[in-house]
Amino acid sequence: MTPIDRTFSVAPMMEWTTRDYRAFARVLSRRTLLYTEMVTTGALLFNPDRERFLGHDETEHPLALQLGGSDPQALAECAAIAESWGYDEVNLNVGCPSDRVQNNMIGACLMGHPELVARCVAAMQAQVKIPVTVKCRIGIDDQDEDADLERFISTVADAGCDTFSVHARKAWLQGLSPKENRDVPPLNYGRVHRLKQAHPSLHIGINGGLKQMDELHAQLEHVDSVMVGRDVYHNPWLLATVDSELYGEAENPHTSRHDALRAFRPYIEKRLAEGVRLNHISRHLLGLFQGQPGGRQFRRHVSENAHKPGAGIEVIDDAMARVPEHRPETQVEQA
């Protein structure tokens, strides 16, 4: 099994990192590690339509499935299912702060139960050969960011987990909404850096507030990998320089947004032929021409037409024609 190069990844995001977004992201970067939305164990075990949750295109690899749950047996069974569906990694969500997941003992609340997380990880690893990883916060509520985070990481690592992606801010389960939890608690990159120093044998990745390529390079001097979420979703062209900048590739897949979108056309046509509505795919493309002349017209045309019955690839072509094409682009935005 070829080891996954986790240098850069797109964070798992509910309703955003769908199979169609991931397929487009792969057009822009061949090397980025992609994550699914969080899928709960109940959804996999009790819904017969597994294609809905696990379906993916072969081009998406390397690809990780993020699971939400806290029952070791259920997680182990779901990890085995993920492996059988061809996923390259299974990741346990220990970071989501929403009330819905808290009530089911899923997500960030598990940071208060490191022994349970350890049992979950051990059970999953016993069933699969692919890596089992954890995405967590630096703490929750009134936890001590030093002592409690150290206890969590050490306990779970002792159970066999050697890869952690750490969102560098606390989650406040009482008093803040999930949206506020993405911005209000202060970022503490230094705590994640110290975590790596204390555990040099573990793979420690960092997530939270990272936007510019120089920020990513700076973080990689202290940790093993970087993960970006909302910014790379709203402005997907940020992925366009990842392969050369972070992986040392001689060139990036595309030097033009128009070329990238043209390369994605066959995938769109395939999905339309499968009965998928155009707006389910096109909503992930709206930010492609962000900051470019004609970008607003592109977004408006797609938004106003992709949802209509029978909307086809011509909507994308017509929208793209509203953006002046310069070959090659004179400036590539940084991630």
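Student: Which residues touch the most other members in the largest nonpolar core?

Tutor: Good place to begin! This is a predicted model, and a nonpolar core is a set of buried residues such as Val, Leu and Phe joined through their side-chain atoms. Here the largest one has 95 residues. Those that touch the most other members are F8, V94, V134, F152, F164, L239 and F264. Helix α1, residues 19-28, gives the most to this core, with 6 residues.

Student: What does L239 touch, leaving out residues up to four places away in sequence?

Tutor: A contact means heavy atoms within 4.5 Å. By that rule, L239 touches F8, V10, Y21, A25, L28, S29, T32 and V232.

Student: How many residues are in the second, separate core?

Tutor: That core has 6 residues, including A11, Y35, A64 and M227.

Student: How much of the protein is buried?

Tutor: A residue counts as buried when its relative accessible area is under 20%. In this protein, 55% of the 335 residues are buried. The protein exposes about 14500 Å², and carbon and sulfur atoms supply 47% of that area.

Student: What share of the contacts joins residues at least 24 apart?

Tutor: Take the contacts between residues at least 6 apart in sequence: 73% of them join residues at least 24 apart. The chain itself has 15 helices and 8 strands.

Student: Where is there a cis peptide bond?

Tutor: Look at the omega angle of the bond between H61 and P62: omega is about 0°, and the bond is cis. P62 sits in the loop between α3 (50-54) and β3 (63-68).

Student: What is the phi of E15, and is E15 buried or exposed?

Tutor: E15 has a positive phi of about 70°, although E15 is not a glycine. You will find E15 in the loop between β1 (8-10) and α1. E15 is exposed, with a relative accessible area of 57%.

Student: And D141, buried or exposed?

Tutor: Residues under 20% count as buried, so D141, at 18% relative accessibility, is buried. D141 also has a positive phi, about 45°, without being a glycine. Its place is the loop between β5 (132-137) and α7 (147-158).

Key
Residues numbered from 1 in each chain as written. Predicted model: local features only at pLDDT ≥ 70, side-chain atom pairs only at ≥ 80, totals over all residues. Heavy atoms only, no water. Helix = DSSP H or I, 4+ residues; strand = E, 2+ residues; numbered from the N terminus. Buried < 20%, exposed > 50% of the residue type's maximum accessible area, 1.4 Å probe, protein only. Areas by Shrake-Rupley, 256 points an atom, 1.4 Å probe, with all protein chains shown as cover. Core = buried A, V, L, I, M, F, W, Y, C linked by side-chain atoms within 4.5 Å.
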